[in-house]
Every structure is written in C-alpha cells, then in structure tokens.
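Dear colleague,

Please find below the sequence and structure that I am handing over to you. My findings follow directly after.

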Amino acid sequence: LKQSLSAQIALDWIALISLVHYTGGIWSPVAMAFIFHIIIGAILLSRQACYLLAAFAALLLGIVVLFEETAVWPPVLLLELRLNPTQVEVSGFFLWAALAVILIVTAFLATSITTRLREKEMALSQSEQALIRAYDEMAKLYQLGQIVNSTLDFKETLGLIAENAAKLMNMKACF
C-alpha cells in the first residue's frame, strides 16, 4: 500500500510541477494545490511522513523557483493564470518561502486533527469491545437463568449453576 501510495504521490507531483511551470511558474495559483496533497497525506500517512511530504513539496517548489529565477527553466505561460509580476513587486523566492511556511503549517494542522480523530476512533473501538464482552456475559447469565428455572430439583439446579458458572467465568471446573 505504501509503495503504491508513494508512486501515486510522485506521479501527481510530476504532473503538478508541470502544471505549475506551464501556467506561469511559482506565480501560478496552481502551486497552492500542494496543500491538498499535504492534507491527504495527513489522513493516509503518519505524522512524520506528512511533515516529510510537506518539506519535500517545499523543496521541489524551491528548485522550480531557483530554475525559473536563474532562467535555467524559464516559466511558460500557456494559460492566463499567472499574476502579473510587474504589478506585484515580490521576489519568487519570497513567494516560495511563504508557500513553504503554508505547507508546513498545513501539515501541522492536518496531522493535529487526524491524530485526535485516530485517538477518538481507538477509544470508540475499545468501548465497542467492552460493550460486546458485557453483552456476551449478560447473554450467558440469561441462559443460566433459563437453565436454573427449567428444573425444580435442588441438587440438579446447583449442578447446572456450577457447570454454567465455570463456562461463564472461562474456568475448567466449578464445585
């Protein structure tokens, strides 16, 4: 499961980085789509894996910014999703830093919520198991009551109680 999940995340991110690049680079609002992967990672993965996912996403976006700012891989504008950088006087590195902080904060918030939900789910499961055990014990006591009421012979009744009490308490024998 982890390998297929990792492969799915890798393929999604390759597509997402391409989409970010071809919609205007780091200035594209598509770059925020990494947040969805962080949230899904918090649900499916451990807390530590989610933080690693956020850090890797920030690193990947940082590499894209570095390549775009140094003109090694200049951004391509196939769709008009890019903010106009002449109107916004902010460096791509500053925007990348803001996105990295947003990704880490998202990882923290999402893992905090999922951790609490998992704890509540565990408590609910334990309560359910206790309820099932209590129900089984009540059913055995009911059966014992039925057996006791089935006869009027005192010695036979005591024998039935001893035999069924042993079964009820998961013992080998009872006198």
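The face of α1 that is turned away from its buried side carries Gln3, Leu11 and Ile14, which are exposed. Please keep in mind that this is a predicted model.

Which residues of α1 are buried? They are Leu5, Ile9, Trp13, Leu16, Ile17, Val20 and His21. Because these residues cover an arc of only 130 degrees around the axis, they lie on the same side of α1. Their cover includes α2 (34-44) and α3 (47-69).

The length of α1 was also checked. Helix α1 has 21 residues (residues 2-22), so at 1.5 Å a residue it should span 30 Å; its end C-alpha atoms are 30 Å apart, which agrees. Just after α1, Gly24 adopts a positive phi of about 120 degrees.

How do α1 and α3 lie relative to each other, and at what angle do their axes cross? The two axes come within 12 Å and cross at roughly 30 degrees. Angles under 35 degrees count as roughly parallel, and therefore α1 is roughly parallel to α3. The crossing of these two helices, α1 and α3, is right-handed. On the α1 side, Ile9, Trp13, Ile17 and His21 take part; in α3 they meet Leu53, Phe56, Ala57, Leu60, Leu61, Val64 and Glu68.

One residue elsewhere in the chain may also interest you. Thr106 lies in helix α4 (residues 92-149). Its relative accessibility is 14%, so Thr106 counts as buried. Apart from neighbours within four places in sequence, Thr106 is in contact with Ile35, Ile38 and Ile39.

Yours sincerely

Conventions:
Residues numbered from 1 in each chain as written. Predicted model: local features only at pLDDT ≥ 70, side-chain atom pairs only at ≥ 80, totals over all residues. Heavy atoms only, no water. Helix = DSSP H or I, 4+ residues; strand = E, 2+ residues; numbered from the N terminus. Buried < 20%, exposed > 50% of the residue type's maximum accessible area, 1.4 Å probe, protein only. Contact = heavy atoms within 4.5 Å. Expected span 1.5 Å × (residues − 1). Arc of directions from axis to C-beta. Axes fitted to C-alpha atoms, helices over the stretch in contact; angles between N-to-C directions. Parallel < 35°, antiparallel > 145°, perpendicular 65-115°, else oblique. Left-handed = near helix turned anticlockwise from the far one by under 90°.
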